[in-house]
Amino acid sequence: MWVFLGSDCLFFGSLIATYMVYRGQSLVGPYPVDIIDVPITTISTFVLLMSSFGMVQALSATIRNDQKAIQIWLLATAAMGAVFIGFQIYEFNAFKNEGLTLGANLFGASFFTLTGFHGAHVTLGVIWLLGLFVAARKGRLGPATSLDVEIMGLYWHFVDIVWIVIFTLLYLIGGFDAGPSVPPGG
Amino acid sequence: MAAITAVIPRPTSYAGVWGWMTTVDHKRIGVLYGLSALTLMLIAGIEAGVIRMQLASPDNGIIGGDRFNQMFTMHATVMVFMVIMPLSASFFNFVIPLAIGARDVAFPRLNALSYWLFLFGAILFHVSFLVDEVPDAGWFSYANLTEKPFSVNRGLDFWSLSLLVLGTSSVAAALNFIVTIINLRAPGMRLMRMPVFVWMTLITSILLVLAFPVITVGLIELTMDRNFGTHFFIPSGGGDPILWQHLFWVFGHPEVYILILPAMGIVSEVLPTFSKKPLFGYPFIIFSGIVIGMMGWAVWGHHMFTVGLGPVANSVFTITTMLIAVPTGVKIFNWIGTLWGGSIELKTPMLFALGFVALFIVGGLSGVSHAVSPSDFQQQDTYYIVAHLHYVLFGGSIFGLFSGVFYWFPKITGKMYEETWGKITFWLLFIGMNLTFFPMHILGLNGMPRRIYTYTQEYGWGDLNLLASVGYIVIFLGMLAFVVTIVKGLRSGVRAGHDPWDAPGLEWSISSPPPAYNFAEIPQVEGLDQYWIVKARAKADGQDRVPAEPAVDPNTIHMPSPSYWPIGIAVGTTLIAGGILSHFALSFVGGIFAFIGVIGWTNEPPTAPDPHHGSQH
């Protein structure tokens, strides 16, 4: 799993690099400053980060063999992940209504590709969590199988950490970018 | 969900075609990889023949420029991604578990999935011929040639989507081998007691896992540009084609080492065996391999000297590229040191290994000559590059891999090929290879650019090109001889013993072909070249030869059961890619297919409940 995460680091590394290279290179609007809504995304970021807490609790419950708590925390983590996805769908939709599409400009292309792939990772994680939840309901999770939960946790925390990087770069730093810093052709 | 697994009964036997399709046995998967790769090699070899036919004489019009572009694109892409890589994977599969004393790889079903993804990816790629929309932008497909305005048909979509499928396969396989090598070694086999081939596999797998995500991003961005209206690499939308070059070569240069390191590993097994002495400077070979693996990340800019990255970048990449030649040179001296004073037996695997060393030196030297950025400005995009890359990939990788084919042939099949035919194969390939590619050095320095489909008389390139084309015919005969050697060996080869070469590796201590469970008793490893240690001790005790490990009743050893989920998921994944090419509905169907496959997979225990044991562990 660690090796897979190493591989995924390079994957997001390349996507983030694409965004950074193209930052401020869009020729036409809308630009980040026009549409990025930092407060709303701060809320969803908070939810996602809290879900990591749920993940830790689920693992600890698995090691304690506390069946009730395993189910509660797995479901809570999945729910928080789903809330994050909900925010992202809302955000994508709002951006689209404001004219930012994949093909609109480089900002649109790199923004949607990067956050979209992150969203896909979260979605996959939610499905995986629900799968574990089903296993937990059947009583299959416990100290003997805690590695299953631990690996899930590694993945989940990784996806969270990637979001911290994305949020910092795309929203806190890049979110206030206006039009091209250099006029086209200059 | 358990109902899904119950719908179709789990396959239980290894008999027939269905047995091959559901197999999770690393040896069978290795054979499948090998046969598929060699078949694809013949296809890509014929494409090379068309190229050489077209270039044989000036102002030739046998095929037009468009076909020519398709031919070199297909030839290169297939050879790199669908011949050399899977042929290496074939040896990873067959040899690694045997060489480290394990019963199988860590994730047998994942292993099967890797193979089926590779096969279906390769088939998807070749469907482009059936619909006559063939990729034609070269194997590195520089933007913005690859964008819709310049490449209207779906050829490039075929290219990028099948490479995505193949990439998934490679990453899954590489993860599997990293875990296998780290966790499943026999007791006593410390890292510095592993055979060199195992080491090189480990380094290659790490490179694969780290390099493929980068090309994946590039391919996704290209696919989105072509299908979803983004402008990642289109200047008119503000995009930058150079970004593609960076992404491609950040992957592409480690990829070069992914192609050559397994061959280096094989040669490091073959040379000691046929020199009857241990590898000279084992730790140096290992550490040079590691250094190559790390520095391979710091040299990608040498593919882009003429892009205009500026003098600082060019100087840095010149220096790093020249530095990486040092560990490579260290290895060559170690191989020569191994030969020194050995009692050398010139069997076919040894001939190929020696051919590898010789030709790789030539390719390595021309490589250093374009590490120097000023001289590269002259050589960029000429036949000098074509000569270089064929010396390292054909003279290097393919010769190394062929050495492995002959070396492990008796182990894989239990039969011996005919030495005479093996030698004919080697000499035809060796002579043909030099005849074809050596003149290209001179052509390149005389200014002949690569990827032109014809040239006029006045340039004076005609004679050397004709020579190269004649060389192709010799290579072609060599490949025919290769097929004859293999077929004859399979049909009428004499039975090979378990240890025909008096080799040092653990794989030679069990019978040929190995039983499904590999080792009845997991060996204890006391040092490097374990089987030589065992044999030396037997000799000291007055025994002349050590027999193969006796067979036991296979039912007493618990092996992973076959499964049909891997091939199912592979079909689904390929449909997803194929759907983007035709109808999105198909992608959707493929997605559902793959999803059901994943659920079935996770609900299936690794081994079927077994009457002999009564438990699942």
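# Notebook: loops, a bent helix and confidence

**Entry 1, B:R451.** I began in chain B, where B:R451 sits in the loop between α14 (419-445) and α15. Helices here are DSSP runs of H or I with at least four residues, strands are runs of E with at least two, and both are numbered from the N terminus. I looked up the backbone of B:R451 and found a phi near 65°, a positive value in a residue other than glycine. B:R451 counts as partly exposed because it has 14 C-beta neighbours inside 10 Å. For the record, a residue is buried with 20 or more other C-beta atoms within 10 Å of its own, exposed with 12 or fewer, and partly exposed in between, the C-beta atoms being placed from the backbone.

Residues are numbered from 1 along each chain as its sequence is written, and chains are lettered from A and ligands numbered from 1 in the order in which they are written.

A:N65 lies in the loop between α3 (38-64) and α4 (67-97) of chain A. Its phi is near 60°, positive in a residue other than glycine. Is A:N65 buried or partly exposed? A:N65 is partly exposed, because I find 13 C-beta neighbours inside 10 Å.

I followed α4(B), residues 65-99, from end to end. Its 35 residues reach 48 Å from first C-alpha to last, close to the 51 Å expected at 1.5 Å a residue; that expected span is 1.5 Å times one less than the number of residues. Where does α4(B) bend? I find a bend of about 40° at B:M79, taken as the angle between axes fitted to the seven residues ending there and the seven starting there. α4(B) is mostly covered, with 30 of its 35 residues buried. Just after this helix, B:G101 takes a positive phi of about 75°.

I noted a cis peptide bond between B:S512 and B:P513, with omega about -15°. B:P513 belongs to the loop between α15 (462-492) and α16 (530-540) of chain B.

**Entry 6, chain A overall.** Chain A has six helices and zero strands. Of its 186 residues, 35% count as buried.

I checked pLDDT, the predictor's confidence in each residue from 0 to 100. Chain B has a mean of 89, with 95% of its residues at 70 or more. In chain B, confidence is lowest in α1 (residues 2-7), at a mean of 44, and highest in α14(B), at 96. Over residues 610-617 of chain B the pLDDT is below 50. Chain A has a mean of 81, and 84% of its residues reach 70 or more. Within chain A, α1 (residues 2-22) is lowest at a mean of 69, and α4(A) is highest at 89. Residues 182-186 of chain A fall below 50. Where pLDDT is low, the predicted coordinates should not be read in detail. Finally, I noted that the predictor gives the complex an ipTM of 0.80 and a pTM of 0.89.

Definitions and conventions
Predicted model: local features only at pLDDT ≥ 70, side-chain atom pairs only at ≥ 80, totals over all residues. Contact = placed C-beta atoms within 7 Å.
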